[in-house]
Amino acid sequence: MLCDVCSAREAVVYQRHSGRALCFKCFREDLLRRVSAEVRYYRLFTPNDRILIAVSGGKDSFVLLDLIKDIHRSELIGIAIIDEGIEGYDRLSQAKWAIDMAEKFGMEVYITSFKDSIGFTLTELIEMAEKRGIRITPCTLCGIIKRRILNRLARHEHFDRVITAHNLNDEVQTIVMDILRLDLARLVQLHPLSPLLSSNFVRRVKPLRRIFEYEVTQYAFLSGFKFQEEDCPYIKALPSLRARIRSRMFEMEGIKPSYPLNIIEWHDRVVKKILSRWDLKMPELPLCPLCGEPMSYGRKYCALCELLMKLGVSAPQAGHKAKV
Ligand SMILES: [Zn+2]
Ligand SMILES: [Zn+2]
């Protein structure tokens, strides 16, 4: 079957939400066009911005890096690889391709770890939590720490944006989770135009937020990306709310392919209205007296320092040991 766009090359992808069969070249051009449009529409970053891309080593970060190098100048791009320190899981070898790619295109490479930044590996922290009977899922803990490390790294190295590889399905899962938790503040915060609550935060943006997960997988596969067998052991051990929503979403996508796109468009529209009607000028977030990072209003310490103290760390190094 020939490509529905160029009618010249063999189609290799069936884009079910658009109903078109595409060759690899036209598929790639379609992705680039949609990513660039999203970047411009929401000013996710501008042509002179220095952007720091968080790289996990998986297919999503591969697709992000492979596309973004064609829409932004390589010398303005840095990649960040964070080794969580998960027993039996080798983050650095997972992300080896990214280091090679970054070096090939002249991007900066930053490698850091939980151990170097806050003094403990993720596995150590989880063992500490278990010993004290503190209920926190590894993914929650990991997420808080990773956000902290990325933000500090980006701020110290004068990046204008932190870029993550979340795709459309990831975003829709988050929207559904926020709705289930009735958390309007988080729903608003998820929007690309949400206010930045502290001058110490570097804005996080997601250029793949309108690219379906199936497209990411297909693109990675067709590009010859080597899918690693290894999955984070904590994800396998814990079927989270997100994982359950993810599998339901896939079922619904099978019935109506444009479903995730409709949800994100609804979210974009509704939150934009809220943002335009509400006076969201909030005072700058206060700073945590222990680590100096922004924390929510009304807290004594930031969530991370508080958590580390609960785990038995007497002097949290959440800010001081950050050799990033
Ligand atoms: Zn084509
Ligand atoms: Zn703190």
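Colleague: How many residues does helix H8 have, and what does it reach from its first C-alpha to its last?

Modeller: Helices (H or I, at least four residues) and strands (E, at least two) are DSSP runs, numbered from the N terminus, and the expected span of a helix is 1.5 Å times one less than its number of residues. Helix H8, residues 168-180, has 13 residues and reaches 18 Å, close to the 18 Å expected at 1.5 Å a residue. This is a predicted model, in which local features need pLDDT of at least 70 and side-chain atom pairs count only at pLDDT 80 or more, while totals for chains, interfaces and linings use all residues. Residues are numbered from 1 along each chain as its sequence is written, and chains are lettered from A and ligands numbered from 1 in the order in which they are written.

Colleague: What is the mean pLDDT of the chain, and where is the pLDDT below 50?

Modeller: On this scale of the predictor's confidence in each residue, from 0 to 100, the chain has a mean of 91, and 94% of its residues reach 70 or more. Over residues 319-324 the pLDDT is below 50, although in the model this stretch has 16 contacts (C-beta atoms, placed from the backbone, within 7 Å) beyond near neighbours in sequence. Where pLDDT is low, the predicted coordinates should not be read in detail.

Colleague: Which residues of H8 are buried, and what covers them?

Modeller: A residue is buried if 20 or more other C-beta atoms, again placed from the backbone, lie within 10 Å of its own, exposed if 12 or fewer, and partly exposed in between. In H8 the buried residues are Leu168, Asn169, Asp170, Glu171, Val172, Gln173 and Ile175, and their cover includes helix H9 (184-189), H10, helix H12 (241-255) and helix H13 (259-277).

Colleague: Where is Leu182, and is it buried or exposed?

Modeller: Leu182 lies in the loop between H8 and H9, and with 8 C-beta neighbours inside 10 Å it counts as exposed. Its phi is near 55°, a positive value in a residue other than glycine. Arg43, in the loop between helix H1 (24-41) and S3, also is not a glycine and has a positive phi of about 45°; Arg43 is exposed, with 11 other C-beta atoms within 10 Å.

Colleague: At what angle do H2 and H10 pack, and which residues make the contact?

Modeller: Axes are lines fitted to C-alpha atoms, for helices over the stretch in contact, and angles run from 0 to 180 degrees between N-to-C directions. Helix H2 (residues 59-68) and helix H10 (residues 213-222) pack at about 75°, with their axes 9 Å apart. That makes the pair roughly perpendicular (65 to 115 degrees; under 35 is roughly parallel, over 145 roughly antiparallel, the rest oblique). Lys59, Asp60, Phe62 and Val63 of H2 meet Val216, Thr217, Tyr219 and Ala220 of H10.

Colleague: Which residues does Arg210 touch, and is Arg210 buried or exposed?

Modeller: Arg210, in the loop between strand S7 (203-205) and H10, is buried, with 21 other C-beta atoms within 10 Å. Not counting residues up to four places away in sequence, Arg210 touches Arg34, Glu38, Leu168, Leu261 and Ile264. The C-alpha atoms of Arg210 and Glu265 are separated by 9.3 Å, although these residues are 55 apart along the chain.

Colleague: Where is Val13 found, and with which residues is it in contact?

Modeller: Val13 belongs to strand S1, residues 13-15, and counts as buried, with 21 C-beta neighbours inside 10 Å. Leaving aside neighbours within four places in sequence, Val13 is in contact with Leu22, Phe27 and Gln218.

Note on methods
Contact = placed C-beta atoms within 7 Å.
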